[in-house]
Amino acid sequence: MSVLLESTATSAAMRRNFWSGVWRVMKRKPSRLVGVVLMAGFVFMGLFGPLFYGDPLPRDPSMLTRPPSWQHWLGTDDQGRDVIALVVTGSRYVLLAALVTAVITVVLGTAIGLFSGFKRGRWDTVLMRLTDMKLTIPGLPLLLVLSTVWKFNSAVQMGLVLGLLSWGGVARAVRAQTLSLRERGFIEAARGLGLSTTHIVGKELLPSMAPYIAMNMLIAITGGVYSQVGLFFLGVLPYESNNWGQMLNTAVFRSGALTVPSALGFLLGPLLAILLLTLAIVLVVDAMDEIFNPRLREE
Amino acid sequence: MITGTGIVKTFKQRGKVLGAREVQALRGVDFAIPKGGAASFIGESGCGKTTLGRIIAGLETYDAGDVVIGDVPMSPLKPKQRQPHFRKIQMIHQDPYSALNPTRTVHQTLHAPLSLRARQTGRSRSWMEERAAEVLSMVGLDPGSVLSRYPHQLSGGMRQRVVIARALTVDPEMLVADEAVSMIDVSLRLGILALLKDLRERLGVSVLFITHDVATARYIGDDGELYVIYRGQVVERGPVDTVIADPVHPYTQSLLSAIPVLHGLELPAEQPVEPLESLDESQSDEGCLFARRCPFRGERCASERPLLQVTEGVPQEHACFYPERRSVIARPMSEV
Amino acid sequence: ACSGGTTDKSGGSGGGGGLFTTIDVNRPGLDASAPANPWHPKGNSFLGYNAMKLGWVKNHVTDPNQFYPAIAEKWEIAEDNSSITMHLQPNAKWSDGKPVTAEDVKLSIGIAYTQGSTAFAITPGAAGAAADVEVVDDRTIKVTQDMSNPSSKFARGVLDSIIVPAHVWNSVLPADFWEKLKTSRGTGDGAEKAREEILAVGQKVLAFKPPNDVSAGPFTLERVNPGEALLLKNKNFFNAANVAPDQVKFLNYSGNEQIWNYLTAGKLDQSGFVAAPTDVMNRIKQAPGSHLIKGFSPVAVGMAFNQSKKPYDNVHVRRGLAHLIDRQQVTKVASPEGGTAAVTTSGMHQKPAQEWIGSELSSLEPYAHDVAKAETEFKEAGLQKKNGKWTLADGSPWKVTMHAPSGFSDWISAQENIKSQLIENGVDAEVVTVADYPIYLEEIAAGKYDVGFWLMALGPAPYDIYQRLYGASNGWTNVAGKVKHSPAGKAGNWMGSSEEIDVEGVGKINPGELTEKLNAASAEEARPIMSQLAKAANQDLPAIQLWDYVNTQFTNTSRFTGWPEQDSDLLRLPAGVWIQLGLVKKKQ
Amino acid sequence: MTVIARRLAGHLARGIVMILVVATISFFIVRSIPGDPVAANVQKLIEQGMAPEAAEQATRVLYGFQPSGSLWQQYTDYMAGLLTFDLGQSVTHAGAPVTQVLGEAAKWTVLPVLAGTLLSFLVGIILGVYAAIKRTGKLGDILAISGSLLHGVPQYVLGLLLSAIFATLIPILPADGPVDILFEPGFNAGYIGSLAEHAVLPVLTYALAAYGGWILAMKSSVVTVLGDDFILAAELRGMRRSIIFRYIARNAILPLFTILALSLGLLLGGAVFIERIFNYPGLGLLLLDSITMRDYALMSGAFLLITAAIIVANILADLFYSVIDPRVRGGEEVGA
Amino acid sequence: MRIDGLTVVYKTPAGELPAVRDVDLRLEPGTITGIVGESGSGKSTLALSLLNAVQPPGRISAGSVEIDGLGDVVGLRNEQLRKARGKHIGYVFQAAQNSLNPLKTVGKQLLDLGRSHGVEDLRALVREAKELLGRMGLDGARVLDSHQHELSGGMRQRVGIMLALVLNAHLVVLDEPTTALDMITQANILKIVREVHAERGLTTLVITHDIGVVAEVADRLAVMYGGRLVEQGPTREVLGAPRHPYTKGLIRAIPRLVGDIDEAQALPGRPPTLATVPAEGCVFRERCPLRMDVCDTVDPDVRADTGADGPRAVACHAVTVKEHA
Ligand SMILES: Nc1ncnc2c1ncn2[C@@H]1O[C@H](COP(=O)(O)OP(=O)(O)OP(=O)(O)O)[C@@H](O)[C@H]1O
Ligand SMILES: Nc1ncnc2c1ncn2[C@@H]1O[C@H](COP(=O)(O)OP(=O)(O)OP(=O)(O)O)[C@@H](O)[C@H]1O
Ligand SMILES: [Mg+2]
Ligand SMILES: [Mg+2]
């Protein structure tokens with residue numbers, strides 16, 4: 001028993017060690033803290049953003065498509081609403097859909113990659129041909145074509161479809177990881193010991209890949225944001241009254257943001273949001289890269 | 001008792017549309033390892049040692065022949081049914097670092113097979129803890145300090161011991177040690193070898209020892225057998241000391257000649273064989289596999305393949321038409 | 001080599017006074033592979049430029065039968081509209097030098113029959129169909145109307161025909177075409193078969209590819225690239241002396257922003273209306289030489305209701321909504337330059353409304369923006385207000401779901417604005433878009449929407465104006481000269497107004513029958529009917545008229561001058577007509 | 001050379017299968033689009049004031065060439081057409097063959113994409129080397145983060161920003177189509193100059209979109225190569241810096257060829273945004289237009305062509321790679 | 001070549017730690033010197049510092065490496081250093097590691113090498129290379145035409161030796177020349193090293209963790225432990241009569257092919273790493289059977305004397321004490 005006690009005590013210490021390692025990694029480059037803060041900001045925005053504004057958003061019909069001012073930092077849209085308010089309230093749809101996309105992408109990609117890499121043989125061949133195919137077919141054009149058939153009626157549906165279309169990369173990467181881990185002695189040893197596949201996959205493989213999967217998930221989130229905003233921007237999806245992509249669409253094709261500067265604020269709002277989200281995720285992934293690499297963490 | 005009869009394994013370089021390449025890794029290998037016994041396999045790189053080890057441990061399939069565990073032949077069984085039998089044979093990997101999951105502590109590593117076993121036999125949690133401590137003690141580790149550590153916090157020798165301890169959790173009948181000491185510091189090697197020998201003696205576990213360092217084969221136990229493999233074929237087989245001292249197959253002789261002499265401790269051999277050129281895989285398979293490199297080849301060798309056999313006056317089995325004992329290894333200074 | 005103003009990006013070989021640049025707003029994608037066939041839906045045939053008609057309709061607000069001369073120099077219309085005799089331009093020639101003859105016209109009319117267009121319909125009983133075509137002499141031709149179901153627009157239908165050269169197009173009509181046409185006017189199987197055969201010829205017409213463009217207009221098609229169509233001046237055009245540009249370039253474009261950029265850079269000499277936000281419009285106005293000419297456009301947009309759906313069956317709900325929606329604001333947001341807020345819902349564009357019913361217009365309910373009135377109306381309809389939200393009479397939630405086709409950004413913008421206005425006043429609302437306009441039309445006709453935007457008040461003929469409210473969409477159809485009403489939800493009747501309306505101060509009327517009467521009525525006869533229909537539309541409110549469109553044209557005086565005046569009637573004709581009439585001049 | 005031939009054969013076989021699959025997918029997507037395009041078009045023409053019969057006729061002319069018969073029949077017709085490069089006719093282009101319409105549009109996509117790829121490749125690998133050498137410094141950080149950012153950011157963001165900055169805010173570059181409308185098309189300086197001027201922003205966007213990927217890939221590739229022993233070995237043999245640099249560069253660039261195809265795919269896929277933003281009449285815009293105008297034959301054609309281009313790019317990149325990498329050329333598999 | 005007081009440190013989070021500490025070594029012309037030591041004992045670091053090529057974050061913090069005809073290598077910079085490498089000192093990499101550019105044929109790399117060192121007659125260089133390869137039992141022309149992947153491990157190693165010698169370097173450093181090679185190939189390579197060394201009159205340094213290799217080829221043997229040279233002397237003497245307790249333990253730990261297997265005994269404890277090497281006192285004391293109090297605090301001096309076959313040196317308090325006694 002004392003053995004057990006000691007082991008929990010040390011694992012607590014290990015955990016402390018881990019967090020101090022994390023802190024070290026963060027401190028090494030302050031930009032990473034910026035990334036974490038930005039990311040937290042986006043999460044907060046998606047969760048609580050809409051609560052700060054009325055429904056419908058306050059608007060001023062005498063201030064249609066105005067450039068930035070003190071009152072409206074990024075100007076107003078063609079309905080006289082504040083662009084920042086639009087970006088904040090619009091984030092929920094975008095981020096929710098992106099989250100759904102990411103979850104599906106990662107779950108599906110991991111499952112397929114694991115299965116394929118672990119089973120190998122015929123299944124592997126079939127699944128990887130499929131994945132290759134998925135990866136070769138350009139995603140955006142496919143989405144465009146699909147948009148003629150599919151009705152993207154809600155954020156969740158949107159995320160679902162995007163997720164179903166984007167697991168390829170993760171599957172390929174997870175498979176490669178699985179294959180390389182498979183070759184590692186410990187997986188073979190576990191098989192030799194007669195441990196169940198569930199154990200091998202759940203306890204040995206997945207934990208080894210967890211950081212990698214987490215990073216992929218973050219990257220999948222950006223992917224989800226990009227595709228749906230892009231589709232709305234092109235105007236191939238049903239109108240959504242408050243969405244970053246719709247804002248881009250209205251700004252460019254209706255308010256002439258690329259012809260006159262007055263609508264630039266309206267255009268910049270969602271663009272900045274996307275840039276900041278990308279930056280946040282790039283910085284956090286950069287940090288995670290080091291955090292989950294014990295060697296780099298402890299340096 | 002674990003025996004193998006005529007095991008054949010051919011690898012196909014898979015994939016490309018046209019022209020698959022085939023590698024004959026094993027060409028009908030027979031072996032028999034009694035309970036508690038030991039067998040060592042030596043041979044140059046690529047001769048099929050690892051492949052054989054993996055086949056015996058149930059990690060690789062084979063194309064012909066059979067592995068018999070106890071008296072159950074494996075071929076007729078379905079993969080699922082083979083599993084419990086192969087579990088009696090545990091593999092010890094060459095690289096102790098990759099053989100342990102870096103994300104799991106020693107405790108967790110041992111826990112998984114133990115809980116499986118506890119479940120099967122209806123034993124309690126406390127048994128698991130006891131058993132974990134027991135196997136660690138068995139391999140000469142202090143459970144208290146080791147259990148909570150991660151692999152990267154252990155030295156190579158300790159890691160290898162943990163690997164062996166893990167294998168012991170399932171009460172194996174045989175350990176397959178593939179170059180189990182080659183990646184461990186020289187000063188620690190003997191410790192692991194002694195451990196394997198000790199396990200044989202105490203637990204009656206048989207050991208299949210794969211090595212390229214013939215000397216280490218002696219440390220598994222003096223009752224062991226030595227198998228010399230060349231290009232997937234056993235060319236010489238006999239008690240370790242006999243084969244080392246009086247090799248009859250030219251290949252064994254070349255191999256032993258290549259072992260550096262510890263000048264100062266040893267004297268050079270009396271009849272050393274000139275070093276061979278490196279193996280060329282693309283050589284033809286006709287006749288004796290070794291004929292092209294053999295310094296003593298005769299006219300039969302080019303057309304006929306010798307099989308493993310016992311001949312008059314030679315204590316060990318060999319696959320050579322012209323067996324001749326040569327003293328190719330260094331002699332200890334003390335003897336002179 | 002050419003003098004005259006060039007844009008700041010000068011140096012283009014075709015730049016200068018000789019090149020006239022424009023776009024065809026109806027066909028953004030110019031098609032290099034399409035034939036120069038005026039009947040082909042994508043044909044590279046530009047009215048007024050290389051495609052000519054007998055005459056150019058003047059679009060008079062009340063008189064449909066006024067025209068500018070084109071191939072026909074002058075014409076006489078019989079008192080009772082029973083026939084029209086046309087005299088061709090004495091020196092009209094095709095671009096290959098051959099004269100334009102009455103035979104050309106006859107062949108063109110024959111082709112028109114295969115297309116079933118207005119005056120040349122072959123459907124039995126069609127209103128205002130031509131009965132006979134008679135070549136009087138080389139330059140004179142007479143067309144008579146089938147008086148069994150006459151239309152006051154007959155002459156318009158005839159003069160509005162496109163004329164093509166017989167020596168190029170001869171082959172498309174079979175030799176026995178005119179006999180077949182005669183047969184088709186009868187009844188029975190033979191006639192049926194003849195009609196089918198004529199329709200089959202129609203396909204041939206559509207698919208016909210003239211080997212090269214032979215035009216009687218001021219220009220001929222030189223070539224079409226994917227990005228542009230180039231037309232060269234036709235030296236043989238009868239008024240060639242007064243045609244200013246040597247070349248015309250039609251430009252392709254993929255989106256409105258591209259046109260905005262062309263216009264702000266002053267690259268277009270003329271362009272039809274393209275919706276643009278106010279700031280862009282101002283920027284365009286600032287471009288050197290740039291002008292905006294506005295005129296009457298006989299079309300308005302309304303928010304139409306499907307009265308089969310609750311609570312829109314209740315007129316008080318419709319009226320309440322009309323009071324709730326600030327049309328000024330909607331127009332300002334959605335169509336600041338291209339529309340004027342509807343003064344009231346009369347079913348007519350404001351300008352013809354004044355012509356038709358004059359002072360009576362002011363007696364109509366204006367449905368001014370008035371929240372209190374809206375509440376009264378809603379209460380009268382039995383709606384309930386709970387926690388500041390209006391619900392249906394039975395307390396179930398009410399949401400105004402407005403539909404619009406995806407590409408129609410002004411409609412979507414208007415609906416978004418209406419949505420906000422409604423929500424701010426306790427009426428829940430949403431905007432739903434449909435992939436494209438055809439599907440929108442199909443679905444709205446199938447009664448799938450509660451509320452949708454609907455084009456109305458088309459002009460200039462009085463029948464056209466009300467046909468959108470009291471025509472097929474509301475159940476009335478003309479079958480062989482008889483008006484028939486289908487019940488709500490059947491045969492395209494998606495609006496579902498009642499068949500008879502008790503109009504205050506007028507009494508019970510059947511708006512569909514009244515509308516049908518307009519077809520054959522003279523202006524004098526039409527006036528009282530228009531008044532009754534206006535009152536009906538105003539009181540019953542099948543649609544809330546939101547804004548009247550304005551015909552806005554962009555012109556640029558850097559290279560050409562002589563553009564039509566503000567409010568000119570010419571604005572509704574293609575710029576090619578302005579050019580061939582000799583209005584447009586090279587800048588000196 | 002046989003290895004390359006074998007690879008080519010494999011690729012071609014796979015590529016053809018891919019194209020057939022994609023064609024099948026797009027065929028069935030098109031068939032499952034809700035609403036009847038024929039009926040819808042009739043409705044539209046009627047709305048525009050055409051008589052119902054005429055509207056129907058006009059529509060029939062437009063759709064007259066639509067395949068008829070059972071779904072299976074249509075499918076086989078479609079596939080048979082595919083074999084002869086017959087993709088049907090475009091409704092929105094007056095019944096012109098889809099292949100012709102696509103061919104017209106392709107140059108507006110392919111040339112800028114290639115130019116952008118080349119530009120980003122050159123700049124990306126140079127800065128990538130820099131980022132790798134300075135990877136521990138501030139500059140390296142900035143290069144890496146900006147690379148990741150650009151790599152991550154979608155193309156429309158770049159396109160919109162560039163357009164907003166250089167066409168709207170400081171209007172120094174045109175964004176209103178592929179060429180100034182006042183120039184006469186042809187081989188004259190004005191026209192070509194205008195083409196080039198109008199291509200700046202789209203090419204820049206393509207380049208920026210791909211640049212991030214190059215710099216990141218090149219950086220990690222250089223870092224890997226720098227860690228390779230042969231570089232240290234060359235240094236220890238006293239090789240000249242310029243030679244070592246060439247060793248690094250060549251070895252680092254080589255694996256990038258596998259990314260080339262990916263990058264081209266990314267750019268081709270994103271062409272729809274860039275072409276929409278800059279009004280470039282290329283394949284992407286064609287695809288978008290065909291979707292909004294419900295021109296199904298054109299839609300599947302454009303989609304198919306974009307996919308086929310990516311497949312071909314993949315094949316070419318791989319072949320090129322195999323030609324210049326002696327390991328592949330010699331038959332050894334590298335990587336997986 | 002004379003190495004004096006050489007100390008090489010690596011920068012780690014725990015500060016700069018010495019991987020090679022205060023090493024004195026003399027390579028007599030025409031001899032083969034072997035350095036043995038366990039993993040992490042600083043062998044490679046020492047080898048690299050002979051060419052002043054310690055990779056960051058490491059640096060030579062003290063000491064000198066004097067080479068006849070070159071001077072102190074530690075002081076050389078840039079071009080001088082580059083010229084010295086290859087021309088004066090040949091360096092042979094571990095066998096299985098890829099020390100050849102995978103994209104270029106051996107011949108092209110040979111030419112690159114020639115150009116780098118301003119060799120005028122490249123044809124002669126190629127001839128020389130072919131001859132060298134031929135001497136090592138290879139078909140020179142074929143090998144020069146091959147890419148790295150077309151050569152086996154043993155062949156690559158021979159090419160490595162050829163490249164180290166082709167410019168007539170007189171000092172050759174071989175780091176783990178046979179690790180990861182087959183024992184048959186190993187025997188071949190060792191034979192070649194011995195022959196070439198004798199033929200060209202080289203000064204050779206062989207670095208390995210395998211005592212067998214050293215015993216086979218080296219005239220002199222140096223034992224490294226924890227960054228220190230703990231013992232050196234003629235191979236036969238050191239093997240036959242080791243003085244330092246570590247050397248003794250190490251030799252005892254070698255599995256024996258002949259004789260009594262029980263003679264061999266494992267060395268208790270485990271080798272130190274950079275972080276666990278004691279900062280002061282004897283590096284070996286944790287595992288030393290002869291440990292004394294003085295070992296904890298005082299670093300033993302190197303004690304040199306001259307034996308029958310050449311000088312011997314050992315750094316151990318216990319040995320010193322015994323000698324005094
Ligand atoms: N998975 C595989 N696929 C193809 N060929 C294989 C595979 N595994 C082994 N081989 C081939 O089979 C032969 C025997 O390999 P094996 O690994 O058993 O040799 P070994 O004796 O263990 O060599 P070493 O001493 O280098 O470990 C070799 O030629 C090898 O290339
Ligand atoms: N780049 C580095 N940064 C930090 N420590 C290093 C670095 N390179 C080597 N070391 C440390 O220096 C010590 C000596 O390393 P070196 O590579 O010289 O050992 P070695 O004797 O060659 O070992 P091996 O037999 O494993 O090759 C080791 O403890 C090692 O951990
Ligand atoms: Mg092996
Ligand atoms: Mg080393």
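Predicted model: local features only at pLDDT ≥ 70, side-chain atom pairs only at ≥ 80, totals over all residues.
**Entry 1**

I began with how much surface chain E and chain B cover on each other: they bury about 3700 Å² between them, and 62% of that is on carbon and sulfur atoms.

Next I looked up how many residues take part. I found 39 residues from chain E and 43 residues from chain B in the contact.

**Entry 2: charges and polar pairs**

How many salt bridges are there between chain E and chain B? I noted one. K191(E) forms a salt bridge with E274(B), and their closest N and O atoms are 3.5 Å apart. I also looked up polar contacts, and chain E and chain B have 11 residue pairs of that kind, with both residues at pLDDT 80 or more.

**Entry 3: the side of chain E that touches chain B**

Which helices of chain E supply at least two residues each to this side? I listed helix 7 (183–200), helix 8 (211–217), helix 9 (235–240) and helix 10 (245–252). Helix 7 of chain E gives the largest share, with seven residues. Sorting this side of chain E by class, I got 19 nonpolar, 10 polar and 10 charged residues.

**Entry 4: around ligand 1**

I moved on to ligand 1, which has 12 residues around it. Which of them come nearest? My list reads S45(B), G46(B), K49(B), T50(B) and T51(B).

I then looked at some distances to oxygen atoms of ligand 1. For T51(B), a polar side-chain atom lies 2.4 Å from an oxygen atom of the ligand. For G46(B), a polar backbone atom is 2.8 Å from an oxygen atom of ligand 1. G48(B) also has a backbone N or O atom 3.0 Å from a ligand oxygen atom.

How much of ligand 1 does the protein bury? Taken alone, ligand 1 exposes 630 Å², and I noted that the protein buries 65% of that.

**Entry 5: what the shell is made of**

Strand 2 (21–33) and helix 1 (49–56) of chain B are the elements that give two or more residues to the shell around ligand 1. Helix 1 of chain B has the largest share, three residues.

Definitions and conventions. Residues numbered from 1 in each chain as written. Chains lettered and ligands numbered in written order. Heavy atoms only, no water. Contact = heavy atoms within 4.5 Å. Buried area = accessible area lost by both parts, 1.4 Å probe. Salt bridge = Lys/Arg side-chain N within 4 Å of Asp/Glu carboxyl O. Polar contact = N/O pair within 3.5 Å; in protein donor to acceptor, adjacent residues only side chain to side chain. Helix = DSSP H or I, 4+ residues; strand = E, 2+ residues; numbered from the N terminus. Nonpolar A, V, L, I, M, F, W, Y, C, P; charged D, E, K, R; others polar. Near = heavy atom within 4 Å. Areas by Shrake-Rupley, 256 points an atom, 1.4 Å probe, with all protein chains shown as cover.
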